[in-house]
Amino acid sequence: MKGPSDGLSVFGSASGFVSLVAQTRGAFSGTFRSALRRLAIGAPVRVFAIRGVDPPADPALLHLRDGVIVLDSPRSATILLIAGSVPEALREAVKHVHDEMAHPRATVRWVSDPAEERVDHQAQYNVSFSDLTSLIETLRRVQNDLVTGARSSEDDELPGTTRTAWRGVGPYGHGGAGMTGGTPYGRPMAERAPDRDALQLDQLPLRIGPYFMAFPAGLVLDIELQGDVVQDVAVSAEPVSPLRPVFAAAINDPVSVAVLERARAEDHLRWLAHALRVHGLAALGNRTLKLAVQVDADETGIESSVAELKAITHDVGRSGALWWSARGVGLLSRDAMAGRGLGPTARASGVRDDARIDEPAYQALGFEPIVNAAAEVAAKTASSDTNGGDTSARWRLLLAEAAQSLDLAARANGARAWGHGVVECPRGRATAREAPEPQLYAMLPDLLRGMEWGDAVTTVVSLNLGEGGDVRAVQPWAAAEKVRQSAEQAMKNENASDMSGMAGMTHTQHQAE
Amino acid sequence: MFALGGAFTVFVAGILAWLAMRWVGDVLSPVASTDAERVPFTGGYEPAVHAWSRYHVRYYAMALLFLAFDMEMVFMYPWAMVFMREGVTALVEMLMFIVILVLGILYAWREGAFRWA
């Protein structure tokens, strides 16, 4: 005989059934997880690289390696690679980047001198190899340790700071004190300002950088956006890009023209490779980067580099999307660029400005600088529309100059030049004290104002600002400070009205948490 | 009865599929737990304000233009029905109508109505 309760005895009781389900689920989830773990161990290492001062090797070269993926955002990265030492002014930003990575995560410091002071207390991996293969092996080991659980994920670098909670009131954190002018998700909304049609629309303050992938490491732009139109720009941190050793040496001592011109071609190609990657042409960018590496290596013949450069020039010229996004964007007038020693950027605007003109060694080689002829002609006919060089002119000039430098290097025959306090470096005229980039940073606000954000990125990338890395100081972010003050004021007002019993239905009790 | 059973099966299968997908999602990628993991990445600083903002809908001119020509296409259906009967007269009349609209576009273009930013 079976009683009514016997039917349930298979599972003991209702709660027993629930626990059985939970156990089965747990077992499934365990198998599933271990299967995923096996897959994850074989996967490429996902890295977000931060460029600091004096890295053991160029982290951009990781783009050419298998088994490692260099990401544009730390969000989906597993490993934060800090290449070189981080300047004091940017340490806080590095900690923010670290905390923005999802778990599991780890930090690897890649420095020339492992003894120097570390940025954070958690980075347990300090490596100083200058060869990328050993570095990638270490990265892989760290990722595998994280995946297998041999190493636990790193905690926040900035725990318990007074950051605005990314969470409003209510069960799902979606609410706040109103949507128009309130604080959705616990964050105040943008202030309004007139736009070009005299409408009052929100002006979104954004701080871009110092580790935005398209910009040189350390460049911080405080911008005000309305829709995608840049209404205002301030340069809050100007990175200093290191001068290549061969150019730095040429300031005081004569150096071989062949070596110097190879280095110039390499620098131009690296710059173009970065631009191509930013524009979504990563494969073409990697090809260009590979050529840059080949140009720099002495043992390879120049002839094969010249042939590959010709092929790349052809392929870049055929990319319709690239030229379409570059034409007419970031026009720098001939007058603004004249006589400032801004190198290829000035020459693309039609200025015949090149310190190599006065060098006897270059004169002997029959050197004549490449100048954007269209801009020169336009200046003579006073046609204001094309009086200067846009982004597409700068890239055309870059490719032509790389070819010219390879040609000079091939014909130099041991000629030596420079050594009198000034040198025409890839970014313009440099002396021991002056570099060309600060002048370009000073031009940025006027140049970018009124552009769409995409065009602004294209423009910044097209100016030769170098790789960056070193920053002396970061200016305070005025917009954020203003927002913070007005939020505090609003909170005060709300509390005051609460106490007088005027507003019964506010959410102050949630905000007090 | 058969149809009801089928509907019930689909309903149960749907619920099961929903539970399975939720579970796979949870196992694969847990929801970001900290505030820092939730904010949009802008290069190393946190945003000062929420990104919900009222911006100018710049495509409204294009949207209006689309509506105008959409309505014109509606007028063309009855025209197409009588086109064979009316012959050249119908063709000329429709051409006049379209030319007037095109002149309007050219005028708006010249005045900068389609300027995006």
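Two residues are taken to be in contact here if their C-beta atoms, placed from the backbone, lie within 7 Å. The model is a predicted one, and the contacts discussed below are to be read with that in mind.

With that criterion, a helix pair in chain A can be described residue by residue. From helix 5 of chain A, R262(A), A263(A), A265(A), E266(A), L269(A), R270(A), L272(A), A273(A), L276(A) and R277(A) meet a set in helix 6 of chain A that consists of A282(A), L284(A), G285(A), T288(A), L289(A), L291(A), A292(A), V295(A) and D296(A). The geometry behind the contact is that the axes of helix 5 (residues 257–278) and helix 6 (residues 282–296) of chain A come within 8 Å and cross at roughly 165 degrees. Because angles over 145 degrees count as roughly antiparallel, helix 5 of chain A is roughly antiparallel to helix 6 of chain A. The crossing in which helix 5 of chain A passes helix 6 of chain A is left-handed.

Chain B holds a helix pair that can be described in the same terms. The axes of helix 3 (residues 60–86) and helix 4 (residues 88–110) of chain B come within 9 Å and cross at roughly 165 degrees, and these two helices are therefore roughly antiparallel to each other. Helix 3 of chain B passes helix 4 of chain B in a left-handed crossing. On the side of helix 3 of chain B, the contact is made by A68(B), E72(B), W79(B), V82(B), F83(B) and E86(B), while helix 4 of chain B contributes T89(B), A90(B), M94(B) and L101(B). The residues of this contact between helix 3 and helix 4 of chain B divide into seven nonpolar, one polar and two charged.

Returning to chain A, we come to its parallel sheet. Five strands of chain A form an open sheet in the order 2-1-3-4-5, with parallel pairing; strand 2 (68–70) and strand 5 (125–127) of chain A are the edge strands, each pairing on one side only. From one strand to the next, the twist averages 30 degrees. Within the sheet, strand 1 (residues 45–51) and strand 3 (residues 79–83) of chain A run parallel and are joined by five bridges, and A49(A) stands opposite L81(A) in strand 3 of chain A. Helix 2 of chain A lies across strand 1, strand 3 and strand 4 (106–110) of chain A, running at about 160 degrees to strand 3 of chain A. Helix 3 (residues 132–148) of chain A also packs on the sheet, touching strand 1, strand 2, strand 3, strand 4 and strand 5 of chain A, and its direction makes about 165 degrees with that of strand 4 of chain A.

A further pairing in chain A is antiparallel: strand 6 (residues 191–194) and strand 7 of chain A pair in this sense over four bridges, and the bridge partner of A193(A) in strand 7 of chain A is L201(A). The hairpin of strand 6 and strand 7 of chain A has five residues between the strands, and in this hairpin A198(A) takes a positive phi near 60 degrees.

Where the two chains meet, the contact takes 45 residues from chain A and 26 residues from chain B. On the side of chain A that touches chain B, helix 1 (14–42), helix 2 (91–99), strand 7 (200–208) and helix 16 (478–499) of chain A each supply at least two residues, and strand 7 of chain A gives the most, with seven residues. The residues of this side of chain A divide into 27 nonpolar, six polar and twelve charged.

Terms used: Residues are numbered from 1 along each chain as its sequence is written. Chains are lettered from A and ligands numbered from 1 in the order in which they are written. This is a predicted model: local features need pLDDT of at least 70, side-chain atom pairs count only at pLDDT 80 or more; totals for chains, interfaces and linings use all residues. Axes are lines fitted to C-alpha atoms, for helices over the stretch in contact, and angles run from 0 to 180 degrees between N-to-C directions. Angles under 35 degrees count as roughly parallel, over 145 as roughly antiparallel, 65 to 115 as roughly perpendicular and the rest as oblique. A crossing is left-handed if the near helix is turned anticlockwise from the far one by less than a right angle, and right-handed if clockwise. Ala, Val, Leu, Ile, Met, Phe, Trp, Tyr, Cys and Pro count as nonpolar, Asp, Glu, Lys and Arg as charged, and the others, Gly among them, as polar. Two strands pair if DSSP finds at least two bridges between them.
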